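Welcome! Please take a look at the sequence and the model below, and then we will walk through a few places in it together.

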Amino acid sequence: MTKSIISLIPKFEEILSGTLGGFYGVLTAVLDIVIILVVTKIVVSVVTKIITTVFAKNIEKHNKDRKRLETIQSLIVYIGKIVVWFVAICAILSAVGLGKTVSSLLATAGIGGVAIGFGAQSLIKDFFSGLFLIFEGQIQIGDVITVAGLTGVVEDMQLRTTKLRAVSGELHTIPNGNITNVTNYTRGAVAAVVDVPMPYENTVEEVTSVLEKAMDKYSSGKAELIEKPTVIGVVEFADSAIVLRIVAKVKKPDQVVVEREIRQCVLEAFADNNLSIPYNKLEILKAE
């Protein structure tokens with residue numbers, strides 16, 4: 001049996017061994033385990049605190065890469081915890097007299113790793129895919145993405161899996177090895193497009209003027225807009241209407257919200273200027 005932590009205090013060891021006799025070995029093993037667990041918890045807390053503090057300073061300096069740094073931070077904390085607990089488990093096994101077993105396991109880790117590798121290829125694929133996703137910054141926590149046929153907000157990223165929260169509330173857990181094509185809606189700008197039907201009875205110039213004034217009013221103080229909405233002109237001659245198009249450059253994922261607000265603004269502008277939204281009408285005539 002390996003040397004107990006209690007043996008580091010000779011007088012204390014002597015008193016306990018003389019008092020407990022045969023139970024001394026059991027007690028020392030239990031105390032060693034308790035001490036190891038307490039120390040492990042403290043070390044995990046300290047390591048987490050140090051990593052968080054270091055990254056907090058970098059996040060403050062590089063605010064543009066905030067999400068990417070937060071994702072890498074969570075990954076390093078996760079790896080740190082695994083390493084600390086692995087060492088703790090080895091120490092506990094040594095405390096209960098399985099030190100030789102631990103040494104044997106570590107010595108054969110290379111051979112075992114090859115054997116496990118053949119049986120866990122998908123796990124290894126998930127692991128390395130996760131590394132590339134995180135360090136290349138393809139997706140980050142908080143991004144709105146479509147991947148593996150699923151759309152949602154990235155809620156958590158680990159080496160093996162990525163968690164995606166759908167708009168309807170479901171939490172999807174996707175193995176990183178299944179993430180091949182990613183559509184990221186959060187990066188850069190995107191166009192919000194709204195088509196507005198106008199009656200043939202009105203002139204394009206008249207309706208365009210009404211829409212431009214409405215868009216000027218709407219765009220005031222809108223942080224979601226990169227460029228204000230612009231009426232680009234006629235895009236279609238429909239059966240009952242001329243269709244004008246409004247285009248705005250916006251930040252993702254605000255596209256849907258901006259399009260909805262522009263439509264509401266158009267309805268109000270039409271109502272204020274006595275313009276009607278054309279629609280197909282069905283007239284039924286009675287035969288005389």
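Helices (H or I, at least four residues) and strands (E, at least two) are DSSP runs, numbered from the N terminus. This is a predicted model, in which local features need pLDDT of at least 70 and side-chain atom pairs count only at pLDDT 80 or more, while totals for chains, interfaces and linings use all residues. Residues are numbered from 1 along each chain as its sequence is written, and side-chain values use heavy atoms, with hydrogens and water left out.

**A residue in helix H8**

Let us begin with Gln 255, which sits in helix H8. Is Gln 255 buried or exposed? Gln 255 has a relative accessible area of 18%, so it is buried (buried means under 20% relative accessible area, exposed over 50%, partly exposed in between, with a 1.4 Å probe and protein chains only). Leaving aside residues up to four places away in sequence, Gln 255 touches Val 190, Ala 191, Ala 192 and Val 250 (contact means heavy atoms within 4.5 Å). A polar atom of the Gln 255 side chain lies 3.1 Å from the backbone oxygen of Ala 191.

**Helix H7**

Next comes helix H7, residues 204-219, with 16 residues. From first C-alpha to last, H7 reaches 22 Å, close to the 22 Å expected at 1.5 Å a residue (the expected span is 1.5 Å times one less than the number of residues). The buried residues of H7 include Val 207, Leu 211 and Tyr 218. Viewed down the axis of H7, the buried residues fall within an arc of 160°, so they line one face of the helix (the arc is that of the directions from the helix axis to the C-beta atoms). They pack against strands S6 (189-198), S7 (225-237) and S8 (242-251), and against helix H8 (255-272). On the face turned away from the buried side, H7 carries the exposed residues Glu 205, Lys 213 and Lys 217. Just after H7, Gly 221 has a positive phi of about 75°.

Two strands pair if DSSP finds at least two bridges between them.

| S2 (residues 150-157) | antiparallel | 4 bridges | Leu 150 |

Note on methods: Polar contact = N/O pair within 3.5 Å; in protein donor to acceptor, adjacent residues only side chain to side chain.
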